[in-house]
Amino acid sequence: KQPKNDIQFVAVAAYYHRFVGAERKEAINTDDLQESARQANRGVFKVPSVTLNNAVTQGYMDRVGRGLYKVNAVGENVVSMTLPGTAGDAKQTTGRRKRKAVASKKQTKARKP
């Protein structure tokens, strides 16, 4: 997988620990995240707990206990379907829509015959 940012990396690391790795873990902590980053030659996080909390805020992870985080269904789908190298190369959007141009009342009145 090729995560584009730290939050996607957190989801990939948690997914790996839960479904792929030799040691199956339901939840990860900051030490697991740092070890995953080191093994992936990504560089360690300055404050890994902040990154894990951001993943919770983005909806990829759930808090399970004090300092423990579990990948949820959204995070699983991001890893298995959305990230590059999979069958579902989906385009990510920011969720913002473009505004339609609205004519002012004066312009609308002037156009009517």
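Okay, let's start with Lys70, which is partly exposed at 29% relative accessible area; here buried means under 20%, exposed over 50%, and partly exposed in between, using a 1.4 Å probe and protein chains only. A quick note: this is a predicted model, where local features need pLDDT of at least 70, side-chain atom pairs count only at pLDDT 80 or more, and totals for chains, interfaces and linings use all residues. Residues are numbered from 1 along each chain as its sequence is written, and side-chain values use heavy atoms, with hydrogens and water left out.

So what does Lys70 pair with? Its side chain meets that of Glu26 in a salt bridge, 3.9 Å from N to O. That pair links distant parts of the chain, 44 residues apart: Glu26 is in the loop between H1 and H2, and Lys70 is in strand E2, residues 68-71. Helices (H or I, at least four residues) and strands (E, at least two) are DSSP runs, numbered from the N terminus. For a salt bridge, we need a side-chain nitrogen of Lys or Arg within 4 Å of a carboxyl oxygen of Asp or Glu.

Glu26 also bridges to Arg18, with the closest N and O atoms 3.4 Å apart, and Arg18 is buried at 17%.

Another one joins Asp32 and Lys25, at 2.7 Å from N to O. Asp32 is buried at 12% relative accessibility, while Lys25 is partly exposed at 25%.

Asp32 sits in helix H2, residues 30-39, where Leu33, Gln34, Ser36 and Ala37 are buried too. The buried residues of H2 pack against helix H1 (6-20) and helix H3 (48-58).

Terms used: Contact = heavy atoms within 4.5 Å.
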